[in-house]
Amino acid sequence: MENNEIKDKKTILIVDDEKPIVDILVYNLEKEGYLTLSANDGIEAIDIALNKKPDLILLDIMLPKADGLTVCKKVKAAMNIPILMLTAKDEEIDKILGLELGADDYITKPFSVRELIARIKANLRKVDINSASKDERQSKGDTSEKIKIGKLVLDLDKFETRINDKLINLTLREFEVLKFLALQNGQIVTRETLLEKVWGYEYYGDIRTVDVTIKRIRSKIEDDTANPKILMTKRGVGYYIQAQE
């Protein structure tokens, strides 16, 4: 029984060169029922991630030997697991770079443990929902559910995006944003709704995460980002997918 309980527990890799922060996170995460691993530099983090395959990584940006952005890039190239970036700096460039390299979320130090736990649960829940949805489709013999809107095709089983049959390389978060908008049948979706429904946590006041992700998606799916034809903006309201003929 105990072995099964341990098996069902999610493992979180904490990567930070400040031991007091690691200790606080280990204490609080284990109190919440998670298993934990820790690394104090970028090289160690990559090694642990690739060998131990945790369910989620809390990743500081400022690290010795290899910074968090490098770690994020290398881990995401090898496996698709949620990465939540921790940064002591509030500059937009860190967040933009982290999202460009495939990070799923970020939180700026100092942060409340309660908010961090909420974001961890949301990111892990999203993975579980996607996995359950895939299993359900496979049990019904449907292994390739797709959404088609004009030249845009989203394969929900393979997490693939195609424009005019050309494969587009989106991160899991970018794919989820596009999928959610595509399922709304052209209805405008606010940034706050996207944060709640796609990121999975309540609106904490920073909607720049959504804007950065939308910008990244457009750079990949639009021929002209200044004049988008697929992923549209309703100024002051939100975003929507343009209905295609």
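Mentor: Let us begin at the start of helix α3, where a side-chain oxygen of Asp-41 comes to within 3.0 Å of the backbone nitrogen of Ile-43. Bear in mind that this is a predicted model.

Trainee: Which residues of α3 are buried?

Mentor: In α3, which covers residues 42-52, they are Gly-42, Ala-45, Ile-46, Ile-48 and Ala-49. The word buried is used for a relative accessible area under 20%. These residues pack against β1 (11-15), β2 (35-39), β3 (56-60) and α4 (68-78). Just after α3, Lys-53 has a positive phi of about 50 degrees.

Trainee: Where else is there a positive phi in a residue other than glycine?

Mentor: One of them is Lys-65, with phi near 75 degrees, in the loop between β3 and α4. Asn-164 is another case, with phi near 50 degrees, and its place is the loop between β8 and β9.

Trainee: Why are Lys-65 and Asn-164 called exposed?

Mentor: Exposed means over 50% relative accessible area. Lys-65 has 70%, so the word applies to Lys-65. Asn-164 has 57%, so Asn-164 is exposed too.

Trainee: And why is Ile-207 called partly exposed?

Mentor: Ile-207 has 22% relative accessibility, so it counts as partly exposed. Ile-207 sits in the loop between α8 and α9. Leaving aside neighbours within four places in sequence, Ile-207 touches Arg-191, Glu-192 and Leu-195. The C-alpha atoms of Ile-207 and Arg-191 are 6.3 Å apart, although 16 residues separate the two along the chain.

Trainee: How do you know that α8 and α9 are roughly perpendicular?

Mentor: Helix α8 (residues 191-199) and helix α9 (residues 208-221) pack at about 85 degrees, with axes 9 Å apart. Angles of 65 to 115 degrees count as roughly perpendicular, and therefore α8 and α9 are described that way. Arg-191, Leu-194, Leu-195 and Trp-199 of α8 meet Thr-209, Val-210, Asp-211 and Thr-213 of α9. By class, that contact has four nonpolar, two polar and two charged residues.

Trainee: Why are β6 and β9 said to stand at the edges of their sheet?

Mentor: The open sheet has four strands in the order β6-β7-β8-β9, with antiparallel pairing. β6 (146-149) and β9 (166-168) each have a single partner strand, so one side of each has no neighbour in the sheet. From one strand to the next, the twist averages 25 degrees. Helix α7 (residues 172-182) packs on this sheet and touches β6, β7 (152-155) and β8.

Trainee: How do you know that β6 pairs with β7, and β8 with β9?

Mentor: Pairing needs at least two bridges between the strands. Four bridges join β6 to β7, and in β7 the bridge partner of Lys-146 is Asp-155. Three bridges join β8 (residues 160-163) to β9, where Thr-161 has Ile-168 as its bridge partner. Between β6 and β7 the hairpin has two residues, and Gly-150 takes a positive phi near 60 degrees.

Technical notes:
Residues are numbered from 1 along each chain as its sequence is written. This is a predicted model: local features need pLDDT of at least 70, side-chain atom pairs count only at pLDDT 80 or more; totals for chains, interfaces and linings use all residues. Side-chain values use heavy atoms; hydrogens and water are left out. Axes are lines fitted to C-alpha atoms, for helices over the stretch in contact, and angles run from 0 to 180 degrees between N-to-C directions. Angles under 35 degrees count as roughly parallel, over 145 as roughly antiparallel, 65 to 115 as roughly perpendicular and the rest as oblique. Contact means heavy atoms within 4.5 Å. Ala, Val, Leu, Ile, Met, Phe, Trp, Tyr, Cys and Pro count as nonpolar, Asp, Glu, Lys and Arg as charged, and the others, Gly among them, as polar. Buried means under 20% relative accessible area, exposed over 50%, partly exposed in between (1.4 Å probe, protein chains only). A polar contact is a pair of N or O atoms within 3.5 Å; within protein, one must be able to donate a hydrogen and the other to accept it, and residues adjacent in sequence count only if both atoms are side-chain atoms.
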